[in-house]
Amino acid sequence: MAARPTWQGHLKLSLVTCPVALYTATTSTNDVRFHLINPETNNRIRMVPTDPDAGPVERSDLVRGYEVSKDEYVLFDDADFDKVKLESTRTISIDKFVDESEIDRLYWDSPFYVVPEKGAGLEAFAVIRDAMKKQGKVALGCLVLRGKERQLALEVRGKGLVAYTLRAHDEVRDAGDYFDDIKTVKADEDMVEIAARIIGQKEGDFDPADFKDRYDDALREMIRAKTKGGKGTVDVAEPDDTNVIDLMAALRSSLKGSAGSEKKAAAKKPAAKKTAAKKKAA
């Protein structure tokens, strides 16, 4: 496995433990990235840590500080953080099991692959994994990751587990702060029915491969154009807001358009091949 683990420790269920490693399940290596450039010199800008009095300093020499009052800090180095010992710094201890539907989707955060380390702990990992699969539950535990204790939700996926960090309760804003001011509007039942039919015509299976980052593609195209000396501009007109007066007309046109698109897609599908072999007469 080429990737380096984000975390290594133990997975624990009651008295059963096994060594595991966590690997980030997502990547951003394919994103278009930019650097800050001085247009007068075309030099890349380097962010250099600077002390107002001493000037530039080495990042490796710096320590972290907690501000207790204006310009007054309590200092912490790596040895100080090592003194904070919690079980979750080296162990993911499963505390309880819940149904996945009990966890509001607002709380789900970053996914990690949980992989057993080679050796004697492999069987213990298989026992925990298969028991979770049999019960159809999501496991909850805690982990210290990147200097912060996070709650985890672990679910079975194939031969391994996927652990999602869960946002803390105080990290999720109350929806009422934003939705309570939305004025109550009674939608026309006929319009709702047509909109529901449009939704029905657009039903399909979720395939992440269908999604293409068009903005990223446009940036790459602009980069190619600028590399060749062109301007590489991309113009896209914003849609007009739908007025209440023509809302019904827009819905009906959308319904007809969706139906027409479905017929064209069905017509493009190749006909099922007929079986060439014929049954012999008895």
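Student: How many disulfides does a search of the whole structure find?
Tutor: The search finds zero disulfides, a disulfide being a pair of cysteine sulfur atoms within 2.5 Å. This is a predicted model, where local features need pLDDT of at least 70 and side-chain atom pairs count only at pLDDT 80 or more, while totals for chains, interfaces and linings use all residues. Residues are numbered from 1 along each chain as its sequence is written, and side-chain values use heavy atoms, leaving out hydrogens and water.

Student: Is Cys18 buried or exposed?
Tutor: Cys18 counts as buried because its relative accessibility is 0%. Buried means under 20% relative accessible area, exposed over 50%, and partly exposed in between, with a 1.4 Å probe and protein chains only.

Student: And what does Cys142 count as?
Tutor: Cys142 is at 26%, so it counts as partly exposed.

Student: New topic. Where is Asp216?
Tutor: Asp216 is in helix α5, residues 214-227. Helices are DSSP runs of H or I with at least four residues, strands are runs of E with at least two, and both are numbered from the N terminus.

Student: Which residues does Asp216 touch?
Tutor: Leaving aside residues up to four places away in sequence, Asp216 touches Asn30, Asp31 and Val32. Contact means heavy atoms within 4.5 Å.

Student: Is Asp216 buried or exposed?
Tutor: Asp216 is buried, because its relative accessible area is 12%.

Student: What about Tyr66, buried or exposed?
Tutor: Tyr66 counts as exposed because its relative accessibility is 57%. Tyr66 lies in strand β7.
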